[in-house]
Amino acid sequence: MFVDSHCHIDFPELAQQIDALLAAMRTNQVSHALCVSVNLPHWPNVIALAERFPNIFASVGVHPDYEDTVEPTFEQLVELAKHPKVIAMGETGLDYYRLEGDLEWQRERFRTHIRAARAARKPLIIHTRSASDDTLRIMREENAAEIGGVMHCFTESQAVADAAIEQNFYISLSGIVTFKKAEELKEVARTIPLERMLIETDSPYLAPVPFRGKQNHPALVRHVAEHIADLRGMSAEEVGRVTTENFIRLFGPAGFKPEGVTV
Ligand code: NI
């Protein structure tokens with residue numbers, strides 16, 4: 001049993017084959033997936049999928065890479081998070097890799113999400129790229145630890161993983177951990193506490209080996225689990241069971257109780 005803790009199945013290339021993707025999830029024992037919001041104009045598509053399918057959950061938020069988009073207010077985020085299928089706030093965070101110039105607006109947007117997450121009692125989904133110092137600093141300043149969350153698609157160092165875990169966050173590993181050159185990340189996957197680990201696809205991007213370069217989708221999260229299992233000398237089923245328990249402990253969606261999982 002596996003859960004994909006982060007995917008974008010509302011993106012058109014995946015949404016148009018949604019029935020096939022859900023069938024592939026069943027075949028691969030991927031019981032649930034969290035469809036993550038990237039901006040407000042596309043939010044209706046995200047929540048529509050969560051309303052239509054019992055095993056799809058949603059988050060609400062605006063990604064730091066979307067510069068020219070509707071800026072979310074604190075009130076708006078808190079209000080949208082009241083929907084029963086919304087189990088997280090995000091994805092939010094900082095990205096100094098894709099964008100340049102004065103990025104104060106990114107930091108302000110990030111702070112707004114953390115405040116809204118605390119008010120709405122929904123854990124955060126944090127994206128950080130080439131910005132780990134500022135990300136951890138703002139998390140600290142805004143007391144993100146109070147609500148916790150996940151550092152998604154983690155690609156940072158062991159020190160950043162440790163600092164995030166110390167702030168009550170989980171570390172989510174994507175298909176990148178299966179890539180040959182990701183030596184440092186493999187080491188993180190070997191050493192972080194299992195009870196702090198989640199797995200994800202971040203589909204449609206970053207398909208794991210042996211599908212690298214192809215279109216990614218939630219069923220492939222199984223290959224992320226298999227790779228971590230090899231690194232840690234355990235079974236993929238065990239990685240699936242523990243990461244599913246972690247998902248429930250962190251997000252705790254109502255009515256979410258896959259069989260064989262004890263939390
Ligand atoms: Ni994402």
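**Helix packing and burial**

The crossing of helices H5 and H6 is right-handed. The model is a predicted one. Two packed helices are described by the angle between their axes and by the distance between those axes.

**H5 and H6**

- Helix H5 covers residues 104-120 and helix H6 covers residues 132-141; their axes lie 10 Å apart and the packing angle is about 40°.
- This angle makes H5 oblique to H6.
- On the H5 side, the contact is formed by Arg107, Phe110, Arg111 and Ile114, while H6 contributes Asp134, Thr135, Arg137, Ile138, Met139 and Glu141.
- By class, the residues of this contact comprise four nonpolar, one polar and five charged.

**H9 and H10**

- Helix H9 (residues 221-232) and H10 cross at roughly 115°, and their axes come within 8 Å.
- H9 is therefore roughly perpendicular to H10.
- The crossing of H9 and H10 is right-handed.
- Arg222, Ala225, Glu226, Ile228 and Ala229 of H9 meet Ala236, Glu237 and Val239 of H10.
- The contact of H9 with H10 has five nonpolar, no polar and three charged residues.

**H10 itself**

- Helix H10 has 16 residues (236-251), which should span 22 Å at 1.5 Å a residue; its end C-alpha atoms are 22 Å apart, so the two values agree.
- Twelve of the 16 residues of H10 are buried, so the helix is largely enclosed by the rest of the structure.
- Among the buried residues of H10 are Ala236, Val239, Phe247 and Phe251.
- Gly252 follows H10 and has a positive phi, near 45°.

Key: Residues are numbered from 1 along each chain as its sequence is written. This is a predicted model: local features need pLDDT of at least 70, side-chain atom pairs count only at pLDDT 80 or more; totals for chains, interfaces and linings use all residues. Side-chain values use heavy atoms; hydrogens and water are left out. Helices (H or I, at least four residues) and strands (E, at least two) are DSSP runs, numbered from the N terminus. The expected span of a helix is 1.5 Å times one less than its number of residues. Buried means under 20% relative accessible area, exposed over 50%, partly exposed in between (1.4 Å probe, protein chains only). Axes are lines fitted to C-alpha atoms, for helices over the stretch in contact, and angles run from 0 to 180 degrees between N-to-C directions. Angles under 35 degrees count as roughly parallel, over 145 as roughly antiparallel, 65 to 115 as roughly perpendicular and the rest as oblique. A crossing is left-handed if the near helix is turned anticlockwise from the far one by less than a right angle, and right-handed if clockwise. Contact means heavy atoms within 4.5 Å. Ala, Val, Leu, Ile, Met, Phe, Trp, Tyr, Cys and Pro count as nonpolar, Asp, Glu, Lys and Arg as charged, and the others, Gly among them, as polar.
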